[in-house]
Amino acid sequence: MNNKVVIIGCGNVGMSYAYALLNQRTYVNKLYLIDLNKERVEGEVMDLNHCLAYAPSKISINVGDYKDCKDARIVMIAAGANQRPGETRLDLIKKNASIFKDIIDKVMQSGFKGIFLVATNPVDIMTQITYKYSGLPTYQVIGSGTSLDTARLQLMIGKKLCISPKSIQAYVIGEHGDSEIIPWSNANIGLQDIKEFLSNKDLKKLEDDVRNAAYEIINKKGATYYGIGMALVRITNAILGNENLIMCLSVYDKTNKVYIGQPAILSKDGAKKVIPLKLTPSELNRYLQSVKIIKANLKKV
């Protein structure tokens with residue numbers, strides 16, 4: 001089977017994704033790298049190929065061109081400006097929106113019919129732009145959304161309660177940004193309500209810590225990339241393995257007509273089914289505020 005993945009944008013995020021693919025058992029068997037800096041790509045491809053003797057999966061790794069997107073199962077876009085100290089994700093809109101039309105046009109001219117996976121921030125807005133320019137069905141255009149925020153949340157809860165993050169059912173939804181929310185009414189540990197384990201003060205601190213995690217990392221080391229690299233691999237394997245896995249992603253909200261972080265079922269076709277959450281009135285109000293912020297910023301593009 002041709003499980004080809006093309007990465008567009010070989011900066012920190014793109015290469016963390018590529019390296020994470022090499023270090024895990026994956027369905028990907030062909031990997032192509034595209035970047036404006038072709039000499040860097042050549043070096044990255046050489047370096048990655050030198051890992052293959054120790055890699056758990058056999059992958060053909062190549063310098064790519066837009067024509068290589070034609071028969072790709074997934075095109076992952078990480079091209080664009082990085083978030084700098086003091087910037088919000090929304091500050092990147094004008095920088096990154098202008099880059100995307102050219103990229104999407106070139107990919108679609110190749111005859112691409114696969115799934116777009118967008119990691120560039122602000123990811124909800126960039127995913128909506130990708131959908132608009134590609135003309136593909138909504139379920140074939142996916143953003144990494146709040147997948148990393150959710151992983152951060154599960155880790156923090158797990159550390160506090162000495163429980164594996166994999167055993168915690170709690171999600172971050174809404175904008176991948178400052179208006180994201182945690183619907184605690186849907187959070188469980190095992191089959192018990194999380195409020196049986198944590199106080200309201202604990203929940204408030206966890207929500208603040210998750211929201212500010214990226215800012216803290218950026219202030220300390222300049223950028224975040226390992227976490228999103230791993231999240232992108234999990235999304236990729238769920239698609240190529242037709243796993244029907246539930247993850248929080250930037251997917252299309254048909255009611256509000258916007259891409260936003262929600263739990264969705266991932267399969268070989270993309271994110272065909274969104275899992276509706278029963279929110280409290282307060283949670284719903286905050287979710288709709290997040291929708292409003294994304295829509296307001298889309299008007300700036």
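## Helix pair α5 and α6

α5 crosses α6 in a right-handed sense (right-handed means the near helix is turned clockwise from the far one by less than a right angle). This is a predicted model, in which local features need pLDDT of at least 70 and side-chain atom pairs count only at pLDDT 80 or more, while totals for chains, interfaces and linings use all residues. Residues are numbered from 1 along each chain, and side-chain values use heavy atoms, without hydrogens or water.

Helix α5 spans residues 147-161 and helix α6 residues 200-221; they pack at about 125 degrees, with axes 10 Å apart. That angle makes α5 oblique to α6 (oblique is what remains after under 35 degrees, roughly parallel, over 145, roughly antiparallel, and 65 to 115, roughly perpendicular).

## The α5–α6 contact

From α5 come Asp 149, Arg 152, Leu 153, Met 156, Ile 157 and Lys 160. They meet residues of α6, including Leu 206, Val 210, Ala 213 and Ile 217 (contact: heavy atoms within 4.5 Å). The contact residues divide into eight nonpolar, five charged and no polar.

## A three-stranded sheet

The open sheet runs β7-β8-β9, with antiparallel pairing (strands pair if DSSP finds at least two bridges between them). β7 (168-169) and β9 (192-193) are the edge strands. Two bridges join β8 (residues 188-189) to β9. Ile 189 stands opposite Gln 192 in β9.

## Aromatic pairs

The whole structure holds five aromatic pairs (ring centres within 6.5 Å; planes under 30 degrees apart are stacked, over 60 edge-to-face, the rest tilted). Tyr 131 and Tyr 252 have ring centres 5.7 Å apart and planes at 45 degrees, so this pair is tilted. Tyr 131 sits in helix α4 (residues 123-134) and Tyr 252 in strand β10 (residues 245-253), so the pair ties together parts 121 residues apart in sequence.

Note on methods. Axes are lines fitted to C-alpha atoms, for helices over the stretch in contact, and angles run from 0 to 180 degrees between N-to-C directions. Helices (H or I, at least four residues) and strands (E, at least two) are DSSP runs, numbered from the N terminus. Ala, Val, Leu, Ile, Met, Phe, Trp, Tyr, Cys and Pro count as nonpolar, Asp, Glu, Lys and Arg as charged, and the others, Gly among them, as polar. Rings of Phe, Tyr and Trp (its six-membered ring) pair if their centres lie within 6.5 Å; planes under 30 degrees apart count as stacked, over 60 as edge-to-face and the rest as tilted.
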